[in-house]
Amino acid sequence: MAGKTTTPDLTITNDFTPVTYDEQYILMVNALKKYFPIKGGLVSKTVGYVKAVDGVTFNLKRGTTMGLVGESGCGKTTTGRTILRLSGEKTGGQVLFNGQEVYDISPKEMRSLRTKMQIIFQDPFSSLSPRLPVGEIIGEAVREHNLVPKHEFNDYIDQVMDNCGLQPFHKDRYPHEFSGGQRQRICIARALALNPEFVVCDEPVSALDVSIQAQIINLLKELQEKYKLTYLFISHDLSVVEHISDSVGVMYLGNLVEYGETRDIFKNPLHPYTKALFSAIPVPDPTVRMNRIVLEGSIPSPANPPSGCKFHTRCANCMERCKHEAPVQREVEPGHYVVCHLYDQ
């Protein structure tokens, strides 16, 4: 399928081959793109685009967790929000949830689908309304979607809170009366109250102390086993991702440069960028000498990415073809994909 989205100033080409739905996957993302227009001039016309997500492809099996890692600004959060249709219309590609294209359904159908797709935000404090008590924050959407009868509402909210480590008397308290870890539990309870199938966890532990991080991660794993949830776990903490994820995708400047099972990615990283990221993981042993790979330069602007391979400006293995020819995704070993010219042979 091929199409074009045209503005008065620029043309975005949207060429991709549609995928066929496979029942083992709850989510199938194919060549997903999300560009944000750059306005300029006296009449505020579109003069360019920030290519936040630029052709991301992966499949997510039911009941599993996929970790999405990369440097700040690489497009991890935008990918998650675009999948959930929280960032306006997509620029291109496919997002199939249970075989249904998320962007082709009506507002009424999307409203119903919202209960099946939820998100846990990075900052628990700013994502909670300071004017509502916790019971109302958790139960607001439950009441809006009529998920339980009125006479069962309070008992249902109590059960959801108990599942997330919160006490019933917390219902009448406000977010500012809780610690960071408790606030994140409230955010998790709000997401799970709608009985979702798929949850985007957008760096849910990055704002918490290490000891509290462990509690939240364990809680997420327990809830996943209990309710057969599927997670897209966005993080920059590779140790956390290794612990919780079944598969891992590595993003760089809007693209997925490597994707595979967690054990394969951590045992045998293939892409030079993945190797550099993993070399920065601290080892809790003072006698171990770390072979740190230091990347030269800074991340190029997503509004004006380099030609060819986007990573070539910082890659120690850069070849001449890398500067002009964009690599394609290749399966180097079963289930282990990489986007790099080093593996073209």
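**Close-up views of a sheet and its cysteines**

**View 1. Cys 340 and its closest cysteine.** The sulfur of Cys 340 lies 6.3 Å from the closest cysteine sulfur, in Cys 315, which is too far for a bond. For a disulfide, the two cysteine sulfur atoms must be within 2.5 Å. Cys 340 is also buried, with a relative accessible area of 9%; buried means under 20% relative accessible area, exposed over 50%, and partly exposed in between (1.4 Å probe, protein chains only). This is a predicted model: local features need pLDDT of at least 70, side-chain atom pairs count only at pLDDT 80 or more, and totals for chains, interfaces and linings use all residues. Residues are numbered from 1 along each chain as its sequence is written, and side-chain values use heavy atoms, leaving out hydrogens and water.

View 2. The structure holds zero disulfides. Cys 309 is in none, and the nearest cysteine sulfur, that of Cys 322, is 5.9 Å away. Cys 309 counts as buried at 13% relative accessibility.

**View 3. An open sheet of eight strands.** The order is S8-S9-S10-S5-S11-S12-S14-S13, with mixed pairing. Strands are DSSP runs (E, at least two residues), numbered from the N terminus, as are helices (H or I, at least four); two strands pair if DSSP finds at least two bridges between them. Strands S8 (117–120) and S13 (329–333) stand at the edges with a single partner strand each, so one side of each has no neighbour in the sheet.

**View 4. Strands S9 and S10 side by side.** S9 (residues 198–202) and S10 (residues 230–234) pair in the parallel sense over five bridges. Asp 202 has Ile 234 in S10 as its bridge partner.
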